Amino acid sequence: MAAGKVWLVGAGPGDIGLFTLKGAAVLQQADVVVYDSLVGEGVLAKIPEHARLINVGKRANHHTMVQEDINKVLLEEAEKGNKVVRLKGGDPFLFGRGGEELELLSENGIPYEIIPGVTSPISVPAYNGIPVTHRDFCSSLHIITGHKRAGQEYDIDFKALTRTKGTLVFLMGIAALEDICKGLLAGGMDPDMPAAVLQKGTTAGQKRVVATVGTLKEEVDRQGIETPAIIVVGKVCSLADKFAWYEKLPLAGWKVLVTRPRQHISKTADLLRQKGAEVLELPSICTVPVEDNGRLYEAFEKLDTYQWIIFTSPAGVEIFFDEMDRKEMDVRSLGQAKIAVIGEGTKKKLKEHHLLADFVPDVYDGDTLGAELAKELQGNEKILIPRAEAGNKKLTELLEQTGAQVDDIATYTTRYEKSRLIDEKKELETGSVDCVVFTSASTVKGFVEGTKGLDYTKVKAACIGKQTKAAADAYGMQTRMAKKATIESLIELVEEMKQEN
């Protein structure tokens, strides 16, 4: 078998917006993903379902797999012919031991590529308003590992670092913060030199403690800090409050879990991120075409006889036109049929096929759609509803009461999904997630299916409409409903919930 290939991919500091385009593209093609503990959850959520996962998580004083074994795993998987992505937090070559992993591959003739990642010594200070260089303060930047072996002294020339008069960034040094500050002071640094500890930069857990080299350890002990965190020393730290920007975003500091189906999640997640939220994209449901779409194909043969076609979800639109493509039919086959949609999302999906909705109800739910459209009917219309297998039956009943002939055809089914990598239940139990966004009753049910045993009374739920809210209410969640059944209104609701928090 031909040898495979290894890509060393830097995942960046945590915010998925800082994951490179090339890294994202390569990740989607991976057969095997070998990943670290420091890879951001947003990036982990983008690992494709088909990829096999190998966790080699490494944190201070705890390694799931020693480095030599990681090197062997990469070699063995590539020798099997796999496309292997070695996904590493930050950048592979900055204290990431990427060079060590390449040596064995190189010796054995395995092809590889390196995809750099946005590194924390620059990005985390930037998210905290600290420019690591500024010509009024310094002309150099020095990145130092703060990690040292147990029982050994630092092999760092603190006097030389002090003489550079540059910005110093220590990675993996929080456990030795006191030793680092003492070393700098012994090396001749002014005890009043500005310094900072930056926690979980670029994520909802971001926090900074700014003090001086002489007082930093005491201030960190007083305010508390969690890892991962970096230490920054230099006059540029004095600019943090002046240049701070991230925490000014309306949803900064909030972690929001979005449960929409994978193909519809991007817009919701993007809008939340623009507001500063850290977003966990964990679809609780997926939609798949029914195994036998024979009834829909029968309807296709008489499409021009329908006066109305009703779509109750974006997925319904998508699958309907996919099946038309499969049968090599185009929009002319729809004849003179008018089209009704349940709301804005479905309306937009229809417009992607260059069709405009003739009817949208005032309230975006099945009951209102049925009641309002019934008033428009003469009583002898033929109506096609291609939709979910477990669709709202009242819609059909309301239309049939007018005398209309309704072909209610299941074209897709909804299945529950659960992340292979992220423990949703644990995220909520530890208070890591501030809010869960639901866009349908089925996303609520899928979420519950994947978090059995959770105390749902502690879940803050942002719901898009009354049926979604009713589903969340049934489990005792702390529910709020958007003013309108649109994604934009839902984002506004999340902002309101944070302000009230």
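**Aromatic pairs and a helix face**

Modeller: Trp245 is partly exposed, at a relative accessible area of 36%, where buried means under 20%, exposed over 50% and partly exposed in between, with a 1.4 Å probe and protein chains only. This is a predicted model, in which local features need pLDDT of at least 70 and side-chain atom pairs count only at pLDDT 80 or more, while totals for chains, interfaces and linings use all residues. Residues are numbered from 1 along each chain as its sequence is written, and side-chain values use heavy atoms, with hydrogens and water left out.

Colleague: And is Tyr127 buried or exposed?
Modeller: Tyr127 is buried, with a relative accessible area of 11%.

Colleague: How many aromatic pairs does a search of the whole structure find?
Modeller: The search gives 12 aromatic pairs, counting rings of Phe, Tyr and Trp (its six-membered ring) whose centres lie within 6.5 Å, with planes under 30 degrees apart called stacked, over 60 edge-to-face and the rest tilted. One of them joins Tyr127 and Trp245, whose ring centres are 4.9 Å apart and whose planes meet at 65 degrees, so this pair is edge-to-face.

Colleague: Switching topic, which residues of helix 10 are buried?
Modeller: In helix 10, residues 265-274, they are Ile265, Thr268, Ala269, Leu272 and Arg273; helices here are DSSP runs (H or I, at least four residues) and strands likewise (E, at least two), numbered from the N terminus. Down the helix 10 axis these buried residues fall within an arc of 130 degrees, so they line one face of the helix, the arc being that of the directions from the helix axis to the C-beta atoms.
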